[in-house]
Amino acid sequence: MELVILTFFPLVGVLILVLLAPQQKNAMRYVALITSLLTFGLSLWVLSKFNPAGGINMAIELPWLRLANVPVEFYLGIDGISILMVLLTTFLIPIAILSSWNAIQEQVKGFLIFFLILETGMLGVFLALDLVLFYVFWELTLIPMYFLIGIWGGERRIYASIKFVLFTMSGSLLMLLAILFLGINAGSFSQPTLMANRQLFAGAEMLLFIAFAAAFAIKVPIFPLHTWLPDAHVEAPTSGSIVLAALMLKMGAYGFLRFNLALFPEASVRAAPVMAILAIIGILYGASVAFMQKDVKKLVAYSSVAHLGFVMLGIFALNQEGVAGGILQMVNHGISTGALFLMVGMIYERTHTREFSKFGGLWKVIPVYSGLMIVVTLSSAGLPGLNGFVGEFSILIGAFGSKVLGSPWFAGVATTGVVLAAVYLLKMIEKMFLGPVTNEANLSLKDLSARELATIIPLVVVIFWIGIYPQPFFNLINPAVEQLLQLVQSAAMVLH
Amino acid sequence: MFLSETTSMDPLFLVVPLVVFLPLLGILVNWLFGKRLGEKAIGTIASLAVGGSFVVSLILLFALRTDPQGFSVPLMQWFTVGGLDISWSFRVDTLSVVMMLAVNLVGTLIHIYAIGYMHEDAIHQGDPTRYRRFFIFMNLFIIAMMILVSADNFLMLFVGWEGVGLCSYLLIGFWFDKGEGGIANAQAGKKAFITTRIGDFGLLIAIFLIFWAFGSLNFGDIFPRVGEVAANHPGLMLAITLFMLMGVTGKSAQIPLYVWLPDAMAGPTPVSALIHAATMVTAGVYLMTRSQALYLAAPAAQNVVMWVGAITALFAAIIAVAQFDIKKVLAYSTISQLGYMVAAVGLGAETAAMFHLVTHAFFKALLFLSSGSIILSLERAMEEGAQGSGSHATNIDPQDMRNMGGLRKKMPTTFWVYLVGALTLSGIAPLAGFFSKDEIIAAANNTNGIIFVVLVAAAFLTAFYMGRQILMVFFGKARTKAASLAKESAPLITVPLIILALLSIVGGAINFPGWLNLEHWLEHTIKVHESTFQLPVALISLSIALIAILIAWLIYGRKPLAESTSKDPLARSLGGVFTLVNQKFKVDELYHFLFIGPYEKLADFFAHPVDQGFIDGIANGLGNLASETGSWLRKLQNGFVRSYVLSIVAGIVIILIYLLVRV
């Protein structure tokens with residue numbers, strides 16, 4: 001029941017928002033903020049009851065409907081793979097809402113309603129254990145994000161939002177077919193039941209793997225399916241970018257873990273080298289394209305392609321270091337890239353530009369902003385002591401010794417991404433903060449306000465926390481990954 | 001030799017975390033209260049923090065006298081995942097404590113010096129508010145360096161390794177709005193960070209290899225088992241040590257990754273002295289000494305190390321001869337001296353490497369800080385000159401030696417300490433540098449004749465370029481108005497110089513032939529070969545140095561440079577060769593042509609034709625294809641998303657209602 005309350009609590013805020021008059025903008029903002037903060041509190045309550053070694057915790061399984069005569073259940077549960085995603089979601093939504101405080105002035109009500117529906121949708125994605133239910137939540141997240149970009153976005157918002165929807169839909173349709181095929185063949189849509197009865201669809205494993213992977217790869221995004229991402233990011237409002245990068249991309253990586261690895265372990269083992277190569281291309285290609293951008297937000301968007309490449313490499317290393325590191329890196333990317341988009345939004349609100357050529361020398365003018373942004377950038381660059389390092393190191397060392405990948409070359413090539421990350425991130429620092437102030441309009445910029453500090457400080461605290469003491473996070477992740485990998489390892493044994 | 005159980009540990013060892021936490025305290029105090037406390041207090045707090053760290057190192061030295069085998073002092077578990085089990089423990093042994101002592105001693109003196117130096121520098125650069133930031137970064141550097149040298153496993157070592165790199169980046173670009181075009185300092189910092197990161201790539205690969213070969217990253221699990229693992233995996237040790245060497249060439253500025261260090265001189269002079277001469281750049285030498293067991297199992301790698309070091313020593317010394325910037329000469333000299341240390345490791349003479357590391361820390365810090373004293377003095381004189389004449393006085397480059405001359409009389413203390421530094425660097429007996437350099441050259445004499453010749457040749461050039469520098473800076477007549485107005489610096493600056501000069505004079509006692517204190521000290525931690533004092537070698541290197549100084553005098557002393565615009569006498573006789581050397585053999589340009597330019601082109605190709613053109617074109621093309629197949633499809637597509645989304649919304653609402661009714 002805990003999980004039902006958690007998932008649908010944001011809708012309570014939606015109900016209240018519906019009742020408020022359109023001119024009560026501040027009241028609406030407070031309602032949304034408090035709702036999301038309470039949701040965060042609820043997720044901590046769930047965390048307090050969570051037992052990492054206990055597999056699926058707090059499961060709730062209710063009969064729901066029948067599809068092609070196969071029972072569909074309303075089935076939620078939480079384990080070591082999903083709990084950090086849930087916490088990341090509930091932690092970031094209040095920050096995203098707070099970041100939109102002044103930026104969103106038009107149709108505030110609709111904006112906040114979509115935001116809270118989006119939160120419910122994402123929580124549902126991370127908690128659903130019935131495939132049909134998962135699919136419903138998966139599609140549910142699409143609608144509010146479509147409107148967030150399409151209504152509150154920049155100049156080319158219509159193009160970007162349609163592109164976002166079309167890309168995502170084309171992948172998820174394949175997934176829907178695969179889900180129906182699974183249900184009809186195995187007589188159940190429940191992920192744990194399907195896991196236990198893999199022999200019923202073993203013949204089609206690779207096809208099913210590909211169908212699910214299509215949906216998730218677009219979301220991650222994996223090269224070459226990434227071109228919707230920069231457009232969506234550049235057009236999305238700041239709060240939308242935060243959610244898109246920090247949370248929605250994680251839905252793709254999470255899907256790989258929950259469905260591809262768990263349901264199709266043999267196909268996963270066989271596909272691992274291909275997935276790893278795509279991941280590595282993403283790392284190197286994303287970093288190189290990021291380096292060439294003239295717009296800060298685009299640079300950060302392409303950096304996501306590179307970072308998620310690391311995550312995918314870790315996942316398809318298919319060993320403890322790689323997968324657990326990958327999950328931690330999902331959190332890290334959420335925190336660091338979320339913070340980057342947040343701070344890019346802050347400077348955009350002041351200058352109405354994101355072009356590097358309009359910045360330079362800002363450290364002198366707005367030292368607090370600059371100092372924090374440099375910390376966040378360094379965390380993205382994987383500097384030890386900050387969050388990015390532990391995940392990246394764990395992924396690379398895992399991939400290096402991965403038996404499934406079978407060669408240290410994968411990790412060896414991927415490690416050059418560490419150098420390339422420094423290349424584009426230090427370029428960003430230099431163009432924005434160092435050198436003389438070349439744009440006189442920037443001389444009168446104001447440093448961060450209390451509200452802005454309230455959004456960025458929690459993220460910076462987590463950046464240091466994971467960097468200095470990541471063990472509590474690994475304690476949540478490790479047992480679930482061990483269980484998952486037992487399955488994969490026995491599959492690998494069968495293959496060899 | 002290996003770590004004992006912590007149960008029988010002398011409680012004195014437990015103070016070791018303070019080497020990190022005292023500087024951290026310094027940062028916190030300065031960060032929270034510094035603004036109210038004022039400059040003097042900020043500098044004092046920062047210096048006390050490092051001084052305290054030095055005292056802690058002394059306590060550890062004392063504790064090790066009774067327990068020389070050393071201990072690992074655990075602090076916390078960092079993380080466990082799969083086979084990775086990483087904790088933060090402090091390794092206290094004779095090797096790490098030598099590093100702590102050297103870093104903290106030199107560090108304290110440089111911090112004190114910086115109290116005065118940065119006060120003036122900050123005014124000169126026009127932003128006194130950065131004074132506090134400077135000392136916070138400096139303390140942060142000490143923290144990172146202490147984590148590096150006290151690490152008990154390769155990952156914590158890497159943490160410190162990256163940490164010092166960050167501080168180096170922040171401090172090279174400390175005056176980030178200054179330098180050529182207002183951006184040169186910042187770009188120098190970036191260049192340093194990226195170049196060393198290329199080396200770090202190698203170090204990371206070495207760490208991965210170690211982990212999968214030994215199942216651990218803890219020194220205590222690795223070094224005792226090298227023989228056994230090497231027997232099972234031939235070639236593995238070679239791979240590990242060569243990849244590690246790549247990291248060393250980055251951090252310790254060796255060929256081919258040395259190119260960042262000369263540019264790093266853009267940092268304030270105390271930074272050049274502390275980070276880019278005395279301590280951080282020696283981290284690579286420390287790493288290889290620490291990993292001696294691995295190198296001993298890979299003789300081929302040792303050979304490579306030896307050649308890299310020796311060639312770097314000679315190559316950088318050649319470039320130093322033709323530089324005019326007082327700090328650039330010292331920078332190339334640092335690269336060259338680091339080459340000696342690296343070569344020593346390759347020769348299996350780790351003790352000699354450590355010995356030279358310590359004495360070099362003294363005399364190179366001395367030389368840099370003294371050059372800072374000169375630079376400040378010239379800057380001050382320039383400003384006074386400008387006020388005196390009421391006009392904008394000629395703005396000269398205060399680091400260009402051609403703009404100096406005759407400073408011996410104007411700055412006597414600086415002159416004498418500089419002379420001590422220069423002579424000890426040149427290897428003149430009985431100063432510290434003579435003994436430490438001689439030990440390396442003697443080791444080469446025992447092992448490899450060509451290396452011996454290369455190192456002696458580098459020693460010749462060393463004495464020559466230092467002779468040239470002394471003569472250009474301190475002798476002859478003042479070649480600019482600023483040089484004629486120069487005055488001696490304040491005691492806050494000169495006293496640390498005098499202390500460093502004394503250390504440079506007596507530092508040889510650390511491993512004086514016959515006593516060999518350092519050697520006996522280190523043999524508890526690493527394998528040492530008894531080094532013997534070879535009188536012929538000593539006489540050769542001493543006379544070579546004296547001849548070089550004599551030649552320098554013949555060229556630069558007898559007939560000093562007349563004007564700041566006069567040509568260097570060497571340039572007159574060598575012509576194009578001198579220009580080429582002065583332009584550092586155009587290696588930067590070569591790297592730009594070979595690597596940076598092509599990468600930028602490739603990235604641009606990816607970003608524009610490939611990403612926006614081809615890949616995105618396919619996606620959009622699919623859409624356009626659809627829309628062009630017919631108007632009916634066009635219509636459908638126009639309303640497609642909205643109607644589709646609407647139907648989904650409707651569907652979900654129905655499902656939700658259905659769900660609520662069912663539940």
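The model is predicted: local features require pLDDT of at least 70, side-chain atom pairs count only at pLDDT 80 or more, and totals for chains, interfaces and linings use all residues. Residues are numbered from 1 along each chain as its sequence is written, while chains are lettered from A and ligands numbered from 1 in the order in which they are written.

Chain B contains 29 helices and 2 strands. Helices (H or I, at least four residues) and strands (E, at least two) are DSSP runs, numbered from the N terminus. The radius of gyration of chain B, 29 Å, is close to the 26 Å that the globule rule gives for 663 residues, so chain B is as compact as a globular protein of that length. This radius is taken over C-alpha atoms, and the rule is 2.2 Å times the number of residues to the power 0.38. The C-alpha trace of chain B spans about 100 × 70 × 55 Å along its principal axes.

Of the 663 residues of chain B, 57% are buried. A residue is buried if 20 or more other C-beta atoms lie within 10 Å of its own, exposed if 12 or fewer, and partly exposed in between, with C-beta atoms placed from the backbone. Helix α11 (residues 269-278) of chain B is mostly covered, with 10 of its 10 residues buried.

Strands β1 (residues 71-81) and β2 of chain B pair in the antiparallel sense over 9 bridges. Pairing requires at least two DSSP bridges between two strands. F71(B) stands opposite V92(B) in β2(B). The hairpin has 2 residues between the strands, and G82(B) takes a positive phi near 55° there. In β2(B) (residues 84-92), 7 of the 9 residues are buried, so the strand is largely enclosed by the rest of the structure.

Between the chains, 48 residues of chain B are in contact with 53 residues of chain A. Contact means that C-beta atoms, placed from the backbone, lie within 7 Å. On the side of chain B that touches chain A, α6(B) gives the most, with 13 residues.

Most residues other than glycine have a negative phi, and most peptide bonds are trans. The bond from F223(A) to P224(A) is cis, with omega near 0°. The bond from A429(B) to P430(B) is also cis, with omega near -5°. L318(A) is not a glycine but has a positive phi of about 55°. L318(A) counts as buried, with 27 C-beta neighbours inside 10 Å. K584(B) likewise has a positive phi, near 55°. With 19 such neighbours inside 10 Å, K584(B) counts as partly exposed.

How values were computed
Two residues are in contact if their C-beta atoms, placed from the backbone, lie within 7 Å.
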